[in-house]
Amino acid sequence: MTTEQMMRRGIVVKKMLGKYTVRSAGGSPIECTLAGNLRKQLMFSIADPSSMPKRVLEVKDLDTVDPVAVGDEVSFDLAEDGSGVIAAIQPRRNKLSRPATEGARHFKKSGPREQVIVANVDQIIVVMPAASPPPSWNLLDRYLATAEASDIPALICFTKADLLAADLSSEIEMYRQIGYRVILTSAVSGLGIDGVKAALRDRVSVLWGKSGVGKTSLLNAIEPGLGLRVKAVNDHNSEGRHSTTHLEMFDLSFGGGVVDTPGQRAFKIWDEIDDYAQLLPEMRGYIGRCKFGLDCTHTREPGCAIKSAVSNGAITSRRYESFLGMKEYFGG
């Protein structure tokens, strides 16, 4: 049995200023720190298994701000005082991340470091107000594109439906036709709350949306007091900043867990995207079918399959305009 197999395993449910809370199966939460070797990337020599042990040839800085994220499955050693030391991070099945932009330590010679917000999640719940203020459709599309880039299923949750004056049915139907699940909710009337609970049950979910969109009220309606607990965590993080210092996964009494991301004024996609059309499901099938093939930017070129689809109504002009803005916003 290897050393790592002898270690305990658990899920990181909270991180704050270099300290991590790990929950193991059937056990109490354990406060952990990070083993020193996880803070650096060790470059080993290539050694034959029958020869001498491998030697560390070089030590490189990590490309990430923090190698551990909420949602990570980790292996850890338990100390005599009951605390733990995280020694290994298991491979992730997905991650929601962005380039870190603040502070010298967030940069390396080749550019910004990656900031992994959360890992190993089942879905992203994009929270958008239906009214007060009215929905920002371009922002919603950028959130959905972020989910697509992370290969994480997204559900759209409109809040404040009790304040709704305009008819959103055509927009909601458009997103449903694209393939997104949409739930219209009101924490006041209870509309859609059971649907959200059903969507959250037994899943690890991330709430993604700006401050003031009604996330606290929504969470309180789902489970009394939950929104206030989440808000207390978010108050530790400055609104709109990328230097999130405190993130936590909250258990749901009916099964599952939820992680709220502090409101962001701006965000970027970490991965390099060759063609942002691949992040819009209704455009994806047209990529490569243009006259200029994969070199088409879907803007001014003749014979563009995507522009032709917009002309014949297969792709809405609003989503196409959102795609053009996305290319500029994300830097494509």
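Student: How much of α2 is buried?
Tutor: α2 is mostly covered, with 11 of its 13 residues buried. Buried means under 20% relative accessible area, exposed over 50%, and partly exposed in between (1.4 Å probe, protein chains only). Helices (H or I, at least four residues) and strands (E, at least two) are DSSP runs, numbered from the N terminus.

Student: Where do the coordinates come from?
Tutor: This is a predicted model, in which local features need pLDDT of at least 70 and side-chain atom pairs count only at pLDDT 80 or more, while totals for chains, interfaces and linings use all residues. Residues are numbered from 1 along each chain as its sequence is written, and side-chain values use heavy atoms, with hydrogens and water left out.

Student: What covers the buried residues of α2?
Tutor: The cover includes β8 (95-99), β12 (123-129), β13 (154-159), α3, β15 (204-208) and α9. Contact here means heavy atoms within 4.5 Å. Among the buried residues of α2 are W137, L140, Y143 and L144.

Student: What span does α2 reach?
Tutor: From its first C-alpha to its last, α2 reaches 18 Å, close to the 18 Å expected at 1.5 Å a residue. The expected span is 1.5 Å times one less than the number of residues. After α2 comes D151, with a positive phi near 60°.

Student: Which residues touch the most other members of the largest nonpolar core?
Tutor: They are L140, F158 and Y175, in a core of 56 residues. α2 gives the most to this core, with 8 residues. A nonpolar core is a set of buried Ala, Val, Leu, Ile, Met, Phe, Trp, Tyr and Cys residues joined through side-chain atoms within 4.5 Å. In soluble globular proteins, nonpolar side chains tend to be buried together.

Student: What is L140 in contact with?
Tutor: Leaving aside neighbours within four places in sequence, L140 is in contact with V126, M128, I156, F158 and Y175. Apart from this core lies another, of 21 residues, with I125, V127, I183 and V233 among them.

Student: At what angle do α2 and α9 cross?
Tutor: Their axes cross at roughly 70° and come within 10 Å. Therefore α2 is roughly perpendicular to α9. Axes are lines fitted to C-alpha atoms, for helices over the stretch in contact, and angles run from 0 to 180 degrees between N-to-C directions. Angles under 35 degrees count as roughly parallel, over 145 as roughly antiparallel, 65 to 115 as roughly perpendicular and the rest as oblique.

Student: Which residues make the contact?
Tutor: W137, N138, D141, R142, L144, A145 and T146 of α2 meet R318, R319, S322, M326, Y329 and F330 of α9.

Student: What else do the buried residues of α9 pack against?
Tutor: Besides α2 (137-149), they pack against α3 (169-178), α7 (281-284) and α8 (305-311). The buried residues of α9 include Y320, F323 and K327. Just after α9, G331 takes a positive phi of about 90°.

Student: Changing topic, how do α4 and α5 pack?
Tutor: Helix α4 (residues 193-200) and helix α5 (residues 215-222) pack at about 80°, their axes 10 Å apart. In this pair, I193, V196, K197 and L200 of α4 meet L218, A221 and I222 of α5.

Student: Is L219 buried or exposed?
Tutor: L219, which is in helix α5, is buried, with a relative accessible area of 2%. Not counting residues up to four places away in sequence, L219 touches L207, L226, G227 and V230.
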